[in-house]
Amino acid sequence: MTFDRERETYIPRIVVIGGGTGLSVMLRGLKHKPVDITAIVTVADDGGSSGILRSELEMIPPGDIRNVLSALADVEPLLGQLLDYRFDKGNGLAGHSLGNLMLAAMCDITGDFVTGVRELSRVLAVRGRVLPASDHSIVLRALMEDGAVVEGESNIPKARGVIRQLSIEPKDVRALPEALEALREADAILVGPGSLYTSILPNLLVPEIAKTIIESNALKIFICNVMTQPGETDDYKVSDHLKAVRDHVGTDLFDYVIVNNGDIPEQVQSKYAEKGAKIVPLDLDEVTKQGYKVIADQLVLFRTYLRHDAEKLSQHIYQLVESWMFKKR
């Protein structure tokens, strides 16, 4: 924790781990709380604009980093839209987001990706730090239930099979030292929400990251997805998400699980069912039997898509962390 002289109080250091849209939504709420945020973001993306830039410029895929920078930036809404703007025409330009191109440019200007992210964070007045899990890209491999091996983050969900085991290449990839330092200093470590096999587990499979989290005395919280993800977590309950983490890391990581238990309208469920997604059911007896404490609440909003209610979710997180810190004093 750090001491805020202006407020004359201690500010908890929170590390969030993941990638994708779910993490960004949560951070849009959490950044308004009196907390010191560090986001550790996956470097496994190989699809779309990120995949092209990763391949052609031999750089860390920027898409998940861009999403988190945009979520934590303290800028006018129009600038946030500009970061996320995706070109839909132009030879070689179509499909790229402006934020990804800005990160590619910053990487070239500063000489390395991590410095480029740091400098762009400063320009965007980002509330907190954004760090890749490693300064090397990783490749995901999924061993499926039928024995097939699917390679590549973007290909795994498309296979629409049952994932038995996920691995990364190189297996001994080094974690970013700043990420490990943030984990060691954390008062709380949050994992999720996000795609279990393609956004969350890739970070936890970096050996030094998993080891540092296991050794940490911080409060550890898992934020479970609201809906299953076709090709990744079909028919998963909350306990299945936790079991997948345990099976890959080798131990139980979390003290608390935060999960939605609010009603989702039938018409919304039908819309998601067309794409093969269902509500992740809370099997409370099984989760608590495994030793986890559960925070369950109405935590979703629906506009065009279902999203976590960032304000309610961040309030639950802040209350848990504040209580944890009070007990430690």
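Asp309 touches Leu299, Val300 and Leu301, leaving out residues up to four places away in sequence. This is a predicted model. Asp309 is buried yet has no salt bridge. Elsewhere, the structure holds 17 salt bridges. Helix H8 is largely enclosed by the rest of the structure, and strand E11 is mostly covered.

**Asp309, a buried charge**

- Asp309 is found in the loop between strand E14 (306-308) and helix H13 (310-328).
- The nearest side chain of opposite charge to Asp309 is Lys312, 5.3 Å away. A salt bridge requires the nitrogen and oxygen to be within 4 Å.
- The side chain of Asp309 does reach the backbone nitrogen of Lys312, at 3.2 Å.

- Strand E11 spans residues 256-260, and five of its five residues are buried.
- Tyr256, Ile258 and Asn260 point one way from E11, while Val257 and Val259 point the other way. Both sets are buried.
- Strand E10 (residues 219-223) runs parallel to E11, and three bridges join the two. Ile223 has Ile258 in E11 as its bridge partner.
- Between E10 and E11 the chain passes through helix H10 (residues 238-249). This β-α-β crossover is right-handed.
- Strand E12 (residues 293-297) also runs parallel to E11, and five bridges join them. Here Val259 stands opposite Ala296 in E12.

**Helix H8**

- Helix H8 covers residues 196-204, and nine of the nine are buried, so the helix is largely enclosed.
- Among the buried residues of H8 are Leu196, Tyr197, Ile200, Pro202 and Asn203.

**Ala142 in strand E6**

- Ala142 lies in strand E6 (residues 139-144). Ala142 is buried, with a relative accessible area of 0%.
- Setting aside neighbours within four places in sequence, Ala142 is in contact with Ala148, Val149, Val150, Ile156, Ile163, Gln165 and Leu166.
- Asp240 is 98 residues from Ala142 along the chain, and their C-alpha atoms are separated by 17 Å.

- Side chains of opposite charge can pair when their charged atoms come close.
- Asp84 forms a salt bridge with Arg66, and their closest N and O atoms are 3.5 Å apart. Asp84 lies in helix H4 (residues 77-84) and Arg66 in helix H3 (residues 63-72), so the pair ties together parts 18 residues apart in sequence.
- Asp84 is partly exposed, at 31% relative accessibility. Arg66 is buried, at 7%.
- Arg122 and Glu119 meet in a salt bridge, at 2.9 Å from N to O. They are three residues apart in helix H6 (residues 113-123), so about one helical turn separates them.
- Arg122 is exposed, with a relative accessible area of 59%. Glu119 is partly exposed, at 25%.
- Asp235 and Lys278 meet in a salt bridge, at 2.8 Å from N to O. Asp235 lies in the loop between E10 and H10, and Lys278 in the loop between helix H11 (266-273) and helix H12 (284-289), so the pair ties together parts 43 residues apart in sequence.
- Asp235 counts as exposed, at 54% relative accessibility. Lys278 is partly exposed, at 46%.

Note on methods: Residues numbered from 1 in each chain as written. Predicted model: local features only at pLDDT ≥ 70, side-chain atom pairs only at ≥ 80, totals over all residues. Heavy atoms only, no water. Buried < 20%, exposed > 50% of the residue type's maximum accessible area, 1.4 Å probe, protein only. Helix = DSSP H or I, 4+ residues; strand = E, 2+ residues; numbered from the N terminus. Contact = heavy atoms within 4.5 Å. Pairing = 2+ DSSP bridges. Right-handed = clockwise from strand over helix to strand, strands pointing away. Lys, Arg positive; Asp, Glu negative; His and termini not counted. Polar contact = N/O pair within 3.5 Å; in protein donor to acceptor, adjacent residues only side chain to side chain.
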